[in-house]
Amino acid sequence: MVVLVDHAGDPIGVQSKADVHGQSTPRHLAFSCHVVDEQGRLLVTRRALKKRTWPGVWTNSFCGHPAPGETLEDAVSRRAEFELGLSIDHITCAIPNFSYVARDASGIEENEHCPVFIARAVSSLTPNPAEVAEAQWTSSSELKSAIDAAPWAFSPWLVEHFTELQPLIAEHIVEAEDDD
């Protein structure tokens, strides 16, 4: 089940995940998370080729939908483990009010209120092949250059939010180091 939301992101109901994504998708709650490691590198992933939406495109570290009654932070931790076999800490909501609407090549529409998180990796990766085709550590500046050069190779949500997120990544790394 996913949480349906109004234009402000406030919950207004629930619907099954299988039924919510289609040609005309109601606005629902999701999240995106960017993971950094101890060296300050940023994890990007390429979505599995069998994903229903945007198969094979590069994106942030992972995405997901919180279950009804689940906090966003708990959902972020759950999906990090499920998609990447990864334990994370220092989970921070960097862009709380990000929303987007986009249609993939198959005609499926995404319509998400999608807060963007940053977290730090505290274990090694074991990607779930049903979710992730490839994973790569890179720098924030290298990712920005790649997005600028070939935006079509990346998820629309990453392209839309990365410029706002980029300066916050460096701040998050410093804060995590200061907490240790």
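This is a predicted model: local features need pLDDT of at least 70, side-chain atom pairs count only at pLDDT 80 or more; totals for chains, interfaces and linings use all residues.
Local features are given at pLDDT of at least 70 and side-chain atom pairs at pLDDT 80 or more, while totals for chains, interfaces and linings use all residues. Residues are numbered from 1 along each chain as its sequence is written, and side-chain values use heavy atoms, without hydrogens and water.

Cys63 belongs to strand 7, residues 62-64 (strands are DSSP runs of E, at least two residues, numbered from the N terminus). Its relative accessibility is 14%, so Cys63 counts as buried, the limit being under 20% relative accessible area with a 1.4 Å probe and protein chains only. Beyond its neighbours within four places in sequence, Cys63 is in contact (heavy atoms within 4.5 Å) with Phe31, Ser32, Arg79, Glu83 and Trp157.

Glu112 sits in strand 10, which runs over residues 109-113. Glu112 is also buried, at 5% relative accessible area. With neighbours within four places in sequence left aside, the contacts of Glu112 include His21, Arg27, Ala30, His65 and Phe98. His28 is another of its contacts, and here the side chains of Glu112 and His28 form a polar contact at 3.1 Å (a pair of N or O atoms within 3.5 Å, where within protein one must be able to donate a hydrogen and the other to accept it, and residues adjacent in sequence count only if both atoms are side-chain atoms).

Terms used:
Helices (H or I, at least four residues) and strands (E, at least two) are DSSP runs, numbered from the N terminus. Buried means under 20% relative accessible area, exposed over 50%, partly exposed in between (1.4 Å probe, protein chains only).
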